[in-house]
Amino acid sequence: MVSFTPTDEQQQLIEVIKRFAADELQPAAHAADENEHFPADLIQTGWDIGSIQSAIPEAYGGLGELSAVTGVLAAEALAKGDLSMALAILSPALVAIPLMLDGTDAQQAQFLPMFAGEAMPIVSAALLEPGIFFDAHDLKTTATATAARSGDSIILSGEKAYVPLGARAEWLLVYAHDSETGKVGGYLVDTQTDGITRNPREALMGVRALPLYRVTLDNVRVPAAMQLGGEAGIDYERLLSRSQVALAALAVGVADGAAEYARSYAKQRVQFGVPIAQKQAIAFMLAEMAIEVDAARLLVWEAAWKLDEGETATREAYLAKQYADKAVMFVTDSAVQTLGGYGFIREYPAERWLRNARGFTTFHGLALV
């Protein structure tokens with residue numbers, strides 16, 4: 001039986017994150033967007049809350065409580081504060097979770113302890129590739145073994161886009177098409193390796209506070225031991241599902257923040273002697289916004305629950321992502337309309353939410369739960 005009632009531990013964690021998002025992230029969001037730079041201390045504070053550290057196995061310093069449901073609750077709460085900073089705070093999970101799920105014993109022993117410490121590790125993942133019709137199942141980045149996998153290295157070549165914190169990341173988890181097996185593999189790459197070029201920062205319409213970069217890999221030689229999962233490789237479909245669920249949860253957070261703001265504004269904005277929330281057109285729109293937020297949230301929770309049950313959630317994750325992408329656009333656009341002319345002014349948050357929402361259809365691989 002599906003249960004969407006958070007445990008006491010989950011509820012305590014989410015309440016802390018909600019307070020942090022409301023008290024710290026929301027007030028800083030406008031300036032971060034305008035300056036295209038987020039306060040580093042806020043990201044560290046978000047890391048200190050410990051949502052990722054708690055998932056790390058006890059043997060490596062964590063609490064061993066990896067849960068997709070906990071992850072989506074945290075992602076939604078953070079994104080309600082600000083999407084750019086939420087993605088930055090959650091960026092270590094892009095490497096930590098694949099390591100927990102698919103890493104070899106040696107890889108876990110080498111890397112997982114860094115995710116249980118006080119210092120936030122600057123790591124990232126590279127999945128998305130430039131182009132109009134990106135297909136996660138048809139990656140152009142290639143991985144070619146130079147000799148027997150057990151004894152030599154692997155050569156990575158290709159170009160990746162939208163790599164979070166790509167200029168500072170010390171390690172990248174690069175997804176590439178294995179030219180030998182035909183499958184997609186993950187490769188842990190030290191960014192000081194020859195052949196890696198970190199190109200100028202992407203200039204984007206939304207998530208302007210989050211530094212995203214294109215990264216070029218030109219015959220980058222990676223030790224065979226850095227192939228995630230070793231010869232067994234990774235469960236790529238499971239990772240895609242967890243990414244889709246994470247991004248859908250972030251979209252719900254953005255939509256919920258926009259809907260809440262619009263509802264509050266409509267109750268306070270008086271025209272012709274009454275709050276505009278009492279006008280039928282506005283009231284109906286606010287109701288539709290609430291419906292879309294709740295519907296998307298339930299789809300996300302169902303997919304996350306199936307993942308925690310160890311079931312295949314490909315369908316549920318895809319549906320949650322597709323619905324949330326549309327819902328966040330409708331809700332944020334409706335928030336702009338609710339504010340009228342003020343919705344078009346950058347001093348008000350509605351236009352920022354709309355710009356951020358527009359990116360969700362292209363945000364492949366930017367989050368994991």
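Mentor: Setting aside residues up to four places away in sequence, Leu-156 touches Thr-142, Ala-143, Val-174, Ala-176, Tyr-187, Val-189, Leu-217, Asp-218, Asn-219, Val-220 and Val-222, where contact means heavy atoms within 4.5 Å. This is a predicted model, in which local features need pLDDT of at least 70 and side-chain atom pairs pLDDT 80 or more, while totals for chains, interfaces and linings use all residues. Residues are numbered from 1 along each chain as its sequence is written, and side-chain values use heavy atoms, without hydrogens and water.

Trainee: What makes a set of residues a nonpolar core?

Mentor: Its members are buried (under 20% relative accessible area, 1.4 Å probe, protein chains only) and are Ala, Val, Leu, Ile, Met, Phe, Trp, Tyr or Cys, joined through side-chain atoms within 4.5 Å. The largest such core has 129 residues, of which Leu-156, Tyr-175 and Leu-250 touch the most other members. Helix H7 (residues 236-268) contributes the most, with 18 residues.

Trainee: Why is 40 Å the expected span of H1?

Mentor: The expected span is 1.5 Å times one less than the number of residues, and H1 (residues 8-35) has 28 residues; its 39 Å from first C-alpha to last is therefore close to the expected 40 Å.

Trainee: Where does H1 bend?

Mentor: H1 bends at Ala-29, by about 45 degrees, the angle between axes fitted to the seven residues ending there and the seven starting there. Ala-29 is also among the buried residues of H1. Just after H1, Glu-36 has a positive phi of about 55 degrees.

Conventions: Buried < 20%, exposed > 50% of the residue type's maximum accessible area, 1.4 Å probe, protein only. Helix = DSSP H or I, 4+ residues; strand = E, 2+ residues; numbered from the N terminus.
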